[in-house]
Amino acid sequence: MRDREIDSAGFRSSDQTQSEIRFEGMSCPVPLQDYPHILMGHGGGGKLSAELIEHIFLPAFGCQSPESLADSTVFCIDDARRLAFSTDSYVVQPLFFPGGSIGDLAVNGTVNDLCMSGARPLHLSAAFILEEGLPITTLQQIALQMGATARRAGVSIIAGDTKVVERGRGDGCYINTAGIGVVPAGVDISPARARPGDVVILSGTIGDHGMAIMSVREGLEFEAQIQSDSAPLNSLVAQMIDAWPDIHVLRDPTRGGLAASLNEIAAASRCGIVIEDERLPVNPSVQSACEILGLDPLLVANEGKLVAIVPEAAVADLMAVMHRHPLGAQAAVIGRVVADHPGIVVAKTSIGASRVITIPIGEQLPRIC
Amino acid sequence: MKYLTEYRDGEKAKRLAEDIARRVTRPWSIMEVCGGQTHSIIRNGIDQILPKEVEMIHGPGCPVCVTPLEVIDKALEIASRPGVIFCSFGDMLRVPGSKDDLFKIKGAGGDIRVVYSPLDALNIARENPDRQVVFLAIGFETTAPANAMTIKLAKEQGVRNFSALVSHVLVPPAIEAIMNSPGNRVNAFLAAGHVCCVTGFAEYPALCSRYRVPIVVTGFEPLDLLEGIRRAVMQLERGEASVENAYARVVSQQGNVAAQAVIHEVFEVRDRGWRGIGTIPRSGWGLRPEYSDFDAELRFAVTDIHTMESPLCRAGDVLKGAIKPNQCAAFGKQCTPRTPLGATMVSSEGACSAYFNYGRFVQLSPPSQRAIAGNAR
């Protein structure tokens with residue numbers, strides 16, 4: 001029975017690993033044996049993923065550092081210089097979608113993970129797992145897009161690997177990229193640094209990437225084709241840091257959407273966050289698609305947006321810089337960090353009430369009716 | 001967005017709430033029947049701007065929540081069989097059966113596919129003639145026309161490897177069951193706009209006069225809901241009990257006649273079990289004998305189903321409006337969307353899930369979960 005397992009696992013006083021998973025108030029962790037097989041949700045970056053890390057990877061690797069669980073990890077190579085390091089794998093289907101492909105996603109995703117710690121991305125590796133039978137022209141197209149995207153982002157791909165699996169044992173093409181970048185002196189960007197009074201800025205519309213993928217994957221047709229927002233954010237971030245080096249937090253709201261990012265920031269900083277529904281920029285076609293499917297754009301993935309938590313004094317300068325940049329043209333102030341309700345994200349609704357923004361478990365499931 | 005944004009206007013919402021407050025003189029309990037309405041009330045915080053005299057009771061109108069455990073267990077049993085492609089609406093995948101859910105069956109090798117329309121399942125059947133394709137045909141009157149049409153097409157086109165596990169439920173018998181239940185506190189109903197869009201509302205006047213209860217056909221946006229509540233309160237204050245249509249831009253009295261015709265061609269009225277509530281006479285639709293070839297229950301001869309509900313779950317009391325979700329001892333503790341004990345914690349229309357996701361905790365506690373959106377990378 002599920003309830004008994006929860007009860008027995010609800011108290012983990014001797015569990016050394018509790019301090020590593022920094023989801024505040026992560027209640028009733030269910031033991032891994034609850035699921036004897038890997039579910040799709042284990043790859044979701046959510047609670048199931050965290051359970052794998054906690055129960056399998058950390059004990060096996062002998063890692064104890066909580067920093068190792070961030071999107072990118074910053075480490076010192078000597079007294080003065082800091083590097084950021086990150087890796088990510090890409091298994092998106094279909095390989096090509098409106099506004100992008102697995103190739104540009106593989107570059108942009110890792111570049112963006114690096115620059116969310118304030119790093120200037122330098123070099124990437126690229127490893128391919130290809131399925132027997134994949135047309136060479138398809139691979140060539142993917143590689144060309146990776147090259148073009150890397151040039152756009154100003155990074156070089158300097159290491160790589162290729163493996164082939166038998167027909168039927170892969171989805172055409174999987175890509176892993178890893179990247180390193182240099183963190184400029186004086187920059188200290190981390191989710192723990194949000195402070196009451198800080199302002200929450202969003203760089204543009206939310207939900208575009210996730211709905212673009214869903215529309216092609218599920219064969220849903222909307223009046224206007226929804227384009228992925230896949231883009232490298234490093235030039236925008238560099239200009240923001242030039243304008244105001246003391247940015248407190250940057251996150252790119254990918255899996256789990258803006259809701260997940262804001263909750264992570266609230267948890268890490270032990271602050272509350274209040275946003276206003278009516279200030280959230282959403283493309284009309286994305287909004288329509290979400291209405292039809294019963295999805296919340298706050299939970300839908302983005303691949304070229306960032307959320308910044310900044311001191312109030314920085315808002316005017318940063319908004320000016322962002323509005324001049326093509327990837328920040330629709331930047332908007334969406335809310336504020338507060339001392340109340342630490343760890344909790346609240347949205348003011350259009351009718352003047354409020355609701356808590358939590359994140360549902362697993363995938364958002366289209367509603368029945 | 002046309003027909004949506006203009007029904008979310010904050011200023012107009014406040015004026016409607018003020019109007020309700022001016023009219024109300026004593027406490028009233030109003031039940032919104034439909035889970036979509038519950039979701040909207042909680043998401044927008046409509047209950048927060050109502051006068052304290054007006055209490056919203058959340059009804060049994062989430063199809064995911066009331067689908068009987070026995071049907072879920074049958075679905076799990078069929079989905080586990082080799083050679084079967086099992087198709088379902090997305091939010092059924094996490095509904096707990098007696099011991100598993102469809103996600104776990106999928107993880108263990110079951111071929112389970114999320115579809116947006118039952119016609120997608122029929123296409124899958126055409127594309128996989130050597131496999132048995134089963135569609136989980138559940139829902140209220142809203143999903144019934146498309147489900148009926150699909151089964152009708154399967155018969156007409158001779159798609160022999162397609163079948164449906166049918167468990168449809170109906171709103172009017174549920175209203176009747178609630179009014180007949182001991183301890184009923186409901187003074188007025190907001191009828192589900194989308195259900196009435198299919199069925200019309202000719203069945204309701206009899207219910208109004210038999211139980212002396214106002215029924216207002218209501219939509220789903222904040223202004224729709226507030227207008228429905230306002231009209232219910234006006235009737236209650238005047239001592240009236242009649243049917244009103246506050247969703248006239250969508251609903252007509254006779255409903256969608258073509259949809260009704262296909263429903264009645266394929267389905268017939270049956271007694272139906274409601275999860276958490278029990279059997280309600282003549283409260284559901286099942287396949288007519290002429291369509292029994294497409295009945296998955298018969299085709300797969302699912303027997304030996306022994307259902308077992310969690311003893312902690314009080315979903316039945318929630319569905320009947322006897323308690324609010326956060327008054328259940330397991331709410332937010334043993335029972336979360338990650339580990340649902342009852343179906344009301346699963347669908348976004350489920351009252352417990354709506355309460356949890358929009359933070360109606362017994363104690364305000366920090367969120368603990370993150371979402372995924374499939375492999376969008």
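The model is predicted: local features need pLDDT of at least 70 and side-chain atom pairs count only at pLDDT 80 or more, whereas totals for chains, interfaces and linings use all residues. Residues are numbered from 1 along each chain as its sequence is written, and chains are lettered from A and ligands numbered from 1 in the order in which they are written. Helices (H or I, at least four residues) and strands (E, at least two) are DSSP runs numbered from the N terminus.

S6(B) pairs in the parallel sense with strand S5 of chain B (residues 132-139) over seven bridges, pairing being assigned where DSSP finds at least two bridges between two strands. Within this pair, B:Leu136 stands opposite B:Leu165. The chain passes from S5(B) through helix H8 (residues 144-156) to S6(B) in a right-handed β-α-β crossover (clockwise from the first strand over the helix to the second, with the strands pointing away from the viewer). S6(B) is also joined by two bridges to strand S11 of chain B (residues 278-287), the two running antiparallel; here B:Gly284 is the bridge partner of B:Val169.

In chain A, an open sheet of five strands has the order S1-S2-S7-S5-S6, with mixed pairing. Its edge strands are S1 (73-76) and S6 (156-165), each of which pairs on one side only. The twist averages 15° from one strand to the next (axes are lines fitted to C-alpha atoms, for helices over the stretch in contact, and angles between N-to-C directions run from 0 to 180 degrees). S5(A) and S7(A), the latter spanning residues 173-183, pair in the antiparallel sense over 10 bridges, and A:Ala126 stands opposite A:Thr177 in S7(A). Helix H3(A) packs on the sheet, touching S2 (82-90), S5 and S7, and its direction makes about 30° with that of S7(A); contact requires C-beta atoms, placed from the backbone, to lie within 7 Å. Helix H4(A) likewise packs on the sheet, touching S5, S6 and S7, with its direction at about 175° to that of S5(A).

A second open sheet in chain A has seven strands in the order S9-S11-S8-S12-S10-S13-S14, with mixed pairing. S9 and S14 (354-356) are the edge strands, each pairing on one side only, and the twist averages 25° from one strand to the next. Three bridges join S9(A) to S11(A), which run antiparallel, and A:Arg251 stands opposite A:Val307 in S11(A).

Helix H6 of chain A (residues 234-243) has A:Asn234, A:Leu236, A:Val237, A:Met240 and A:Ile241 buried. Viewed down the axis of H6(A), these buried residues fall within an arc of 155°, so they line one face of the helix (the arc is that of the directions from the helix axis to the C-beta atoms). They pack against helices H3 (102-115), H4 (136-153) and H9 (315-324) and strands S5 (120-131), S9 (249-251) and S11 (307-310) of chain A.

The model scores ipTM 0.77 and pTM 0.83. Chain B averages a pLDDT of 90, with 94% of the residues scoring at least 70; pLDDT is the predictor's confidence in each residue, from 0 to 100. Over residues 362-374 of chain B the pLDDT is below 50, and this stretch has 58 contacts in the model beyond near neighbours in sequence. Where pLDDT is low, predicted coordinates should not be read in detail.

Methods: Buried ≥ 20, exposed ≤ 12 C-beta atoms within 10 Å, placed from the backbone. Contact = placed C-beta atoms within 7 Å.
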